[in-house]
Amino acid sequence: MAVKTFAAIDVGSYEISMKIYEISPKHGMREIDHLRRSIDMGTDTYTTGKLSYERVDELCRILKEFRTFMDGYKVVGYQAYGTSAFREAENAVILLDQINTRTGIRIVILSNSEQRFFHYKAVAFKEEIFTGTIKSGAAIIDIGSGSIQISLFEDDTLVSTQNLRLGVLRLREHLTHLDVVPSQYEALLNEIIDSQLRVYKKLYLNETYKNVIIVDDYISAIIIKRQKKAAKGKSNKLMLEELLHACNTTPISELARILDVPEENIILLQISGTLLLRIMEMVGAEFIWAPGTTLCDGVAYDYAEKQKIIKPSHDFEQDIITCTRNISKRYRGSKRRGDTMEMISLTIFDSLKKIHGMGKRERLLLRLSALLHDCGKYISIVNLPECSYGIVMATEIIGISEAEQIIIANIVKYNHQDFDYFDHFAEQDELDRTSYLIVAKLTAILRVANGLDRSNRQKVHDIKAALKENELILTIDTDKDIALEKGLFEYSSNFFEEVFSIRPTIKRRDFLSQHKYAD
Amino acid sequence: MDFSHASNYSNRELSWLLFNQRVLGEAKDRKNPLFERLKFLGITASNLDEFFMVRVATLKDMVGAGMKRTDISGKTPDEQLKEINLAVHKQVKQQYNTYNRSLLPGLKQNNLRFIEKHEDLTAKEAAYVDRYFMESVYPVLTPMAVDSSRPFPLVRNRSCNIGALIKAKARSEEPEFATVQVPSLLSRIVTLPATEITTVILLEEIIERNIDKLFLNYDIICAQHFRIMRNADLNIEEDETEDLLEEIEKQLKMRQWGEAIRLEVEAGIDERLLKIITDELNLDKEDIFFVDGPLDLTFLMKMYNLPGFDALKETAYRKPVPVPGFSTGTDIFAKIRAGDILLHHPYQDFSPVVEFVRQAASCPSVLAIKQTLYRVSGNSPIIASLAEAAENGKQVTVLVELKARFDEENNIVWAKKLEQAGCHVIYGLVGLKTHSKITLVVRREEDSIRRYVHLGTGNYNDATAKFYTDLGLLTCQAAMGEDATAVFNMLSGYSEPLNWNKLSLAPLWLKDRFLYLIDRERRNAAAGRPAYIIAKVNSLCDKDIIEALYRAAFAGAKIDLIVRGACCLITGIKELNNRITVRSIIGNFLEHSRIFYFENDGNPEYYAGSADLMPRNLERRVEILFPVEQPDLIERLEFIFAALLADTVKAHILTGKGTYEKVDKRGKKILNSQLEFGRNAATFTNKKVSPERKNSRVFIPQKEGNL
């Protein structure tokens, strides 16, 4: 049957929701059911660091109900994700196992960057408006309960993404602790928000962005209602200003009635709106688009894409790469050096497909490692391995899970220092066996690439790799002297041989023969 | 202009009594066949019973609690009770006048001998009933005497009883009170062995005749009939109730013990006997009804079914016809895909709805069936199909409203049965009654998942669908399907969706929606644009809605209301210039559909739904209002409204004096709308849907060639 149904479950901090989609090559992806139920998982975790038994019990009850819905719709697959309430709970691993046994549903914890990436994917699913919006420069403002994410688009691609601890619930907490009356909220909020935004602006913002795309649980709904009436489906800054003005001048009960929002959400709506307005002012935006998408949409889109049912027109991998390039740029990495490293290592990776058995995702990790391979030198040239590792671990790369982040950090570290064997990692409990092997293989490749550009002068213009029995022949196209590279190649090739049982050798492409063939 | 003053509204209960009076009018109307008149009289009695158990009981509770809050018309509970009492006493008197002066003689003329008093039995008949008594009645009787060692027995709600004063033969003490319930398990109408004419007698007469056999060794001083009514409004503390099912079962038993609020006795009852009963039940003088005839006239509805009197029944009304295009074996899903289908019951039969659930239950492509059930018929085919669907592995969710008044017991039985079959049963919602009638079928089809929805104004009850006028819509519009899914998710306890497409829900925003739609007409009228509202409901009691209607009419909107029952809106307000009319149709079928029309400045909107315009419907019940948008279906609704407004036979007009009068037929065509609908039910077909809407706001330029 052509139509498949898929379930995406989002176990959030204050709500658990499930969306059922039908996915088909003909009609694409269509939401057919959406179930939401409030459950306060956040308070437990945020106050005690652990999720209580009662919450998990309640969660299991809802998940069991979800299960019957999934069975009813005969879903072919599902994906259940837990976000910050699980991410920050000390006892998450035990609980996830418990939940799996009791409900048959396996919840995977998302890192912040993965979560944001799904949100972003969900937005991008609304292709038509999305493509139009990002063309003229846009910032996606993704407002969560604990933090917000600002992602910037230039010329169709994502160029940077940054997490700020300005989530709505966090801000509300601040306000309640400050012991002030509601009339003072606006001024205080502005002050708190601005102090963080100033830093962000200084470090990350060079351009202005005409559009903002807002993803959140409160202000979006209001904007969606208004933008239905607006031309081109977008609202503008003036509308937001008017709305916030109304929030400040109308009694809460009246507002709740007019906006059709529960009274307790009014303050959150106000915070969300204020945040949005401050950011719009900071980036110079005029227009707002609220796509009204949720994490589940992104999850399903991702699934459909992986199952090859839907072919997105937007290149998400490119976003990850562009972001990484910008991170490299921030740490004064050379673009040319990065490109060369990328080119060489990918050529080797592709030529060894049958040997290393790794796939598309590992290829991406290699690319990112190549781009970030020496970022640590920004801090210390002597302590390059540790500093590179530290920078990668401290930097958020959108679309990358925590486990993948650890892999990249280790690759860039061991690119410059002797490799440690599995026992070392096992002791530190940092990498599992599979990840360890990925680190080893990708490090081996990156080291060869590094070896080929020893002088850091990008002597290699082009490279061809050919596997001949136990030898990997790397034919280099260069017009420069590569004596240094050849001489020191031994060091990097030893490790390569150890990992793959294949000896890499360098060959310089003969200029004369090149011309001969050209005739 | 302020219309909020109480003088602009009438009291709901008194208005309802006027409705019962109109039904009584049908019983009095000599133009109606005799047996129909019997039935109408029976209905008035049954209506009054319910009115007492719920409405009067509530008012008594309010008085008891010392509440002084006034109603919509400015009356305190105490004042209301007094007026109601007067009106009811008058009405009961009329019931028995009709019975004695008009109906009984009529029966006699038509060869039906109704033996009023057992003393009138012939010797032969007497011998028969005595034998019948000993064989069939005596074994199930439980006579109970009261003395110092035996307390006053439980006299069950709504049961007929024979109270007697008895005295031991050996001693000559004070007389004792004894009572025996007329068993409700036996037919109250006993037909005597066939002679040339049908002869019947009521069971209580037979018992009375043989009462000495129950109290041997006693002298019977007197034996007379009495009947009591108790406060029957279930008072369920839902918040403190763990299991609603158990609680309702418990409360149902308690209903028998509710405080007595009405006593009916034979006229001329022995004073001593009456005193014992009234003292025991703590009844006031005005709660006692002395009736001149049999107690509890609801038996007349049973009498209607006596064989051999078809000539005395209404035959002009046709049996439900099949919905055009439907026959056995019709693929209902294909039919719905071809276009929305409007069902008009009871003129068209209910089988497409039954079939809809039945086919869904066995169709392998169907993934899920969800339905709300409020009142279900005994042996309901829908319940059977739902159970079958669950057994076939489909996801079946059923909301059974346990709080459906007087059907609670019935519903518990079904609910348990469905649960056993594997359905997910929801027993209503805390604090709300689920009154909406909606069914959702989710089906996996060739290229996508498609949702089929049935929305109705009446219950999923194939029995009442034969005499309640209702509308139903079958559709597979994606927007309706999405909303229907959301409705069931909400009923299952999930959060409200972020967006609704077409449906309006009470208690969420349906009332606001109505107020908006009415106000839109007001604004149009004020701006000099055409403004017109037609609303057909069973009751109109919500003050906000009525006030909005007044304001719209004041601005110039024309408003035609078709309100079968209670209507708190009045028509005599001078400033409104008769722009509001109210009519009530009391026909052979019970008017039950709720439909609405809003002119909307030349772009009319039609809606139908489950909600009456009463506070309880708009604020304490889950109700659904749905639009009817397909041009051919709109045409049907236009026809329905036109016929209802042109009815000259069964329509009563609310006058400025607050009375209802039959339409003045002079110069008008004689038209009985219910007969008209019956005649047209078969001819209406679901025409092919034309792409352009009749009232489209898009101008179509004249082509050059056509000029």
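Trainee: In which order do the six strands of the open sheet in chain A run?
Mentor: The order is β8-β7-β6-β9-β11-β10 in chain A, and the pairing is mixed. Strands here are DSSP runs (E, at least two residues) and helices likewise (H or I, at least four), numbered from the N terminus; two strands pair if DSSP finds at least two bridges between them. Please keep in mind that this is a predicted model, in which local features need pLDDT of at least 70 and side-chain atom pairs count only at pLDDT 80 or more, while totals for chains, interfaces and linings use all residues. Residues are numbered from 1 along each chain as its sequence is written, and chains are lettered from A and ligands numbered from 1 in the order in which they are written.

Trainee: What holds paired strands together in general?
Mentor: Strands of a sheet pair through backbone hydrogen bonds, either parallel or antiparallel.

Trainee: Turning to chain B, do β20 and β21 run parallel or antiparallel?
Mentor: Strand β20 (residues 558-563) and strand β21 (residues 580-585) of chain B run parallel, joined by four bridges. B:Leu561 is partnered there by B:Val582 in β21. Strand β21 of chain B also pairs with β26 (residues 651-654), in the antiparallel sense and over three bridges, with B:Ile585 opposite B:Ala651.

Trainee: A change of topic: what is the domain assignment of chain A?
Mentor: Chain A has domain 1 (4-111), domain 2 (127-292) and domain 3 (316-517). The bounds come from an automatic or database domain assignment. Between domain 1 and domain 3 of chain A, the C-alpha centres lie 38 Å apart.

Trainee: How is chain B divided?
Mentor: Chain B has domain 1 (1-111 + 293-313), domain 2 (117-287), domain 3 (332-500) and domain 4 (505-686). The C-alpha centres of its domains 2 and 4 are 45 Å apart.

Trainee: What about the overall dimensions of chain A?
Mentor: The C-alpha trace of chain A spans about 85 × 50 × 45 Å along its principal axes. The secondary structure of chain A comes to 23 helices and 14 strands.

Trainee: Is A:Phe500 buried or exposed, and why?
Mentor: A:Phe500 is buried because 20 other C-beta atoms lie within 10 Å. The cut-offs are 20 or more other C-beta atoms within 10 Å for buried, 12 or fewer for exposed, and partly exposed in between, with C-beta atoms placed from the backbone. A:Phe500 belongs to helix α22 (residues 483-500) of chain A.

Trainee: What does A:Phe500 touch?
Mentor: Not counting residues up to four places away in sequence, A:Phe500 touches A:Leu352, A:Ile355, A:His356 and A:Ala444. A contact requires C-beta atoms, placed from the backbone, within 7 Å.

Trainee: Where is B:Leu491 found?
Mentor: B:Leu491 is in helix α13 (residues 478-491) of chain B. It counts as buried because it has 20 C-beta neighbours inside 10 Å. Leaving aside neighbours within four places in sequence, B:Leu491 is in contact with B:Leu399, B:Ile426, B:Leu429 and B:Thr434.

Trainee: Lastly, how many residues of chain A are in contact with chain B?
Mentor: There are 20 residues of chain A in contact with 14 residues of chain B. On the side of chain A that touches chain B, β3 of chain A gives the largest share, seven residues. The residues of that side divide into six nonpolar, seven polar and seven charged; Ala, Val, Leu, Ile, Met, Phe, Trp, Tyr, Cys and Pro count as nonpolar, Asp, Glu, Lys and Arg as charged, and the others, Gly among them, as polar.

Key
Contact = placed C-beta atoms within 7 Å.
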